[in-house]
Amino acid sequence: MPKRRDILAIVLIVLPWTLLITVWHQSAIAPLLAIRKGTNDGTETRHDTGPATDSKEYCSQDKDIVEVVRTEYVYTRPPPWSDVLSTIHVITPTYSRPVQKAELTRLANTFLHVPNLHWILVEDSQRRTPLVTRLLRETGLNYTHLNVETPRNYKLRGDTRDPRIPRGTMQRNLALRWLRETFNSNSSQAGIVYFADDDNTYSLELFEEMRSTRKVSVWPVAFVGGLRYESPKVNAAGKVYGWKTVFDPHRPFAIDMAGFAINLRLILFKPQAYFKLRGVKGGYQESSLLRELVTLNDLEPKAANCTKILVWHTRTEKPVLVNEGKKGFTDPNVEI
Amino acid sequence: MNGVAVHSALVCTETHNAICNIHNEATGKDLLISALNLYTSLTHQQVIMRMRLKLKTVFVLYFMVSLLGLIYALMQLGQRCDCRDHAKSKDQQISQLRGELQKLQEHIKTSQLSKKTDVPRIYVITPTYARLVQKAELTRLSHTFLHVPQLHWIVVEDAPQPTPLVTDFLAASGLTYTHLYKLTPKDRKLQEGDPSWLKPRGAEQRNEGLHWLREMGAAAKGKEAAALEEAVVYFADDDNTYSLQLFEEMRYTYRVSVWPVGLVGGMKFERPVVEDGKVVRFHTGWRPNRPFPIDMAGFAVSLRLILTNPQARFDGDAQMGFLESSFLQHLVTMDDLEPKADLCTKVLVWHTRTEKPKMKREDALQKQGLGSDPDVEV
């Protein structure tokens, strides 16, 4: 009898705790998700992914990490966020020109569909322009607004071989530096880094393909290199062994900026890897970064083994503003 | 004597001892038995006591542990649990992530669009034609349209029959759409080397869209007909850029609403000039003397007006820049125009144009027979 009581007591104690422990782990995620989805319809503030203030100061740089808040009546759907999916950090260099607002608008309309997207917009300007600041705030996206000015090409005396810094390089490097300063290798949420120019066209499927990148993933890009599309050559074992391009296929990485994505961990692991600023031949910019990060063997082909086109290297025509005349025909205060 | 005494004493002691021994043995056994008895009773007692103690301490322990557990759980509530990744296998993780993703994507596609059913519908007519950048243009256009509630996309191809590219694309887009086609007759079509301004483009396709709308309007009954009373029609080319606010501006149009268009007419933007809430003239640098010097992307027409004016259509033979006028002059006068976008002071749509991609290398390869795989859709 004492033994039975003993056993009964032990059972009564142990059973509920084992149940609790086994159920707890599973349900730890579900309530958190329910909170996210439930408040997607209402007002929601999402905790930001990095420090809110920056004490360091660079030459002409400032940081701005903003919490995602539901704003205009039009953008009634704040971008979806999940604690399980990896974050895609999209680095976009941009510069002021008549079509800038249009390009960024339609880019933002695409990005609003991608869950867990963090847009790092780097302006090529001395100061952050109000146009971009306002645009970013109104989209409701999760963003970081940086700026750095590319020094205009000047010919030094006797140094006529000083080549131009390829457009966007300094801006992309700044974004990489920001990422390295904001995230440490131990952060639990995975991240993918993608370089997206503001005039290209991206399908939504592309972002889901790149989300599973372990080191560096690659895919075909349309309208580059004077071809319908350029793509990596993938063998039967699913490994990249070459590049299907006409323009210098013997580059270490004959791929366009929009054709690859890098895992954030790799970026943090190799803190010296940046795009080379000077002395880079045309078409070798991507290689200047990638060769410090991976070898050809480590590349992961996506887009159905590099057979589908999910990104197009479109370019927008420069609008002909002949009727503006010298003084400007239209009201300069109206933002376009 | 002494010896004997001693001896007897010894004997006595011996016997005594013996007796004692025997006695001892006897008592030893007794002792043993009694000792055992005592022991069992003692242990019995002890066991009972321990049992009682055990139960008491057990309950006390239970209380303490559950209290600690509760505190721990409360602290854990705010933090993420990191051990879920270790607990599950990779496959389970992947399938869980995929499920998550699908759920989120479904949520994106259906959440807001299905919610707002009580707003007027917007019919967007987009003429399109096959060229390299067609799929890219339609893709990014669809991304914009997916954000607009109650939008019905009418895509009219300049083709003898629907192309698989557009058909598959529309089916996967997630939008409400109608897929039409109308081939432009050869004499009205732009030839390879012609500049884009030589002949107006898309007139036949837009007329086809209008024709479909009129047929649908005639066949509609009851609730559907009531919905059509408030609907708006907008002509959106596939290479322009539209902000989301534009659609909210045009949604409530009684007759014809107008607004500025960016990057058109050789200027930063063209706009109607508004005084006292009415459009008095148009600020444009190119041929301002047209009846309606406005771009196709700069106005929207209420469906009611289109259904009650069955003869209004685009004139494919119109002069350059007069295409919009050929349609609007049958419908409305300048006085009746409704200015939107903050009395025509904000630019919400841009007349962007996409460069034709250079295919020099592709063409060279095609000649050698080494062109890129034509099965891969671009």
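Colleague: Where in chain A does A:Asp199 lie?

Modeller: One caution: this is a predicted model. A:Asp199 sits in the loop between β4 (191-195) and β5 (201-202) of chain A.

Colleague: Why is A:Asp199 called buried?

Modeller: Buried means under 20% relative accessible area. A:Asp199 has 15%, so A:Asp199 is buried.

Colleague: What annotation does UniProt give for A:Asp199?

Modeller: The unreviewed UniProt entry marks A:Asp199 as "binding site". That annotation also covers other residues, including A:Asp197, A:Asp198, A:Arg167 and A:Arg315. Such annotations may be inferred rather than shown by experiment.

Colleague: Is A:Arg167 buried or exposed?

Modeller: Exposed means over 50%. A:Arg167 has a relative accessible area of 56%, so A:Arg167 is exposed. Its place is the loop between β3 (142-147) and α5 (169-182) of chain A.

Colleague: Which residue does UniProt list for "active site"?

Modeller: The unreviewed entry lists A:Glu286. This residue lies in helix α8 of chain A.

Colleague: What makes A:Glu286 buried?

Modeller: Its relative accessible area is 8%. The limit for buried is under 20%, so the label follows.

Colleague: Now the charges. How many salt bridges does the structure hold over all chains?

Modeller: It holds 18 salt bridges over all chains.

Colleague: How do you know that A:Lys215 and A:Asp298 form a salt bridge?

Modeller: The rule asks for a side-chain nitrogen of Lys or Arg within 4 Å of a carboxyl oxygen of Asp or Glu. The closest N and O atoms of A:Lys215 and A:Asp298 are 3.6 Å apart, so the pair counts. The two residues are 83 residues apart, and the pair links distant parts of the chain. A:Lys215 is in the loop between α6 and β6 of chain A, while A:Asp298 is in the loop between α8 (285-290) and β11 (299-301) of chain A.

Colleague: Why are A:Lys215 and A:Asp298 called partly exposed?

Modeller: A:Lys215 has 36%. A:Asp298 has 27%. Both values fall in that range, so both residues are partly exposed.

Colleague: Why does the salt bridge of A:Arg315 and B:Glu355 join two chains?

Modeller: The side chains meet at 3.2 Å, N to O. A:Arg315 lies in the segment after β12 (311-312) of chain A, and B:Glu355 lies in the loop between β12 (349-350) and α12 (360-368) of chain B, so the pair joins two chains. A:Arg315 is partly exposed at 43%. B:Glu355 is partly exposed at 25%.

Colleague: What makes B:Arg255 and B:Asp336 a salt bridge?

Modeller: Their N to O distance is 3.5 Å. The cut-off is within 4 Å, so the pair qualifies. B:Arg255 and B:Asp336 are 81 residues apart and link distant parts of the chain.

Colleague: Which residues form the positive surface patch?

Modeller: A:Arg214, A:Lys239, A:Arg265 and B:Lys90 form that patch.

Colleague: What makes A:Arg214 exposed?

Modeller: Its relative accessibility is 66%. A:Arg214 is found in the loop between α6 (204-210) and β6 (216-218) of chain A.

Colleague: Which residues make the nonpolar surface patch of about 770 Å²?

Modeller: Its members are B:Val60, B:Leu61, B:Phe63, B:Met64, B:Val65, B:Leu67, B:Ile71 and B:Met75. B:Ile71 lies in helix α1 (residues 2-77) of chain B.

Colleague: Last topic: backbone angles. Why point out the phi of A:Asn116?

Modeller: Most residues other than glycine have a negative phi. The phi of A:Asn116 is near 55°, a positive value in a residue other than glycine. A:Asn116 lies in the loop between α3 (100-111) and β2 (117-123) of chain A. A:Asn116 is also buried, with a relative accessible area of 0%.

Colleague: What is the phi of A:Cys306?

Modeller: A:Cys306 has a positive phi of about 60°, although it is not a glycine. The residue lies in helix α9 (residues 303-306) of chain A. At 6% relative accessibility, A:Cys306 counts as buried.

How values were computed
Residues numbered from 1 in each chain as written. Chains lettered and ligands numbered in written order. Predicted model: local features only at pLDDT ≥ 70, side-chain atom pairs only at ≥ 80, totals over all residues. Heavy atoms only, no water. Patch = residues over 30% accessible without salt bridge, like charges linked within 9 Å, V, L, I, M, F, W, Y side chains within 5 Å. Areas by Shrake-Rupley, 256 points an atom, 1.4 Å probe, with all protein chains shown as cover. Lys, Arg positive; Asp, Glu negative; His and termini not counted. Charge placed at Lys NZ, Arg CZ, Asp CG, Glu CD. Helix = DSSP H or I, 4+ residues; strand = E, 2+ residues; numbered from the N terminus. Buried < 20%, exposed > 50% of the residue type's maximum accessible area, 1.4 Å probe, protein only.
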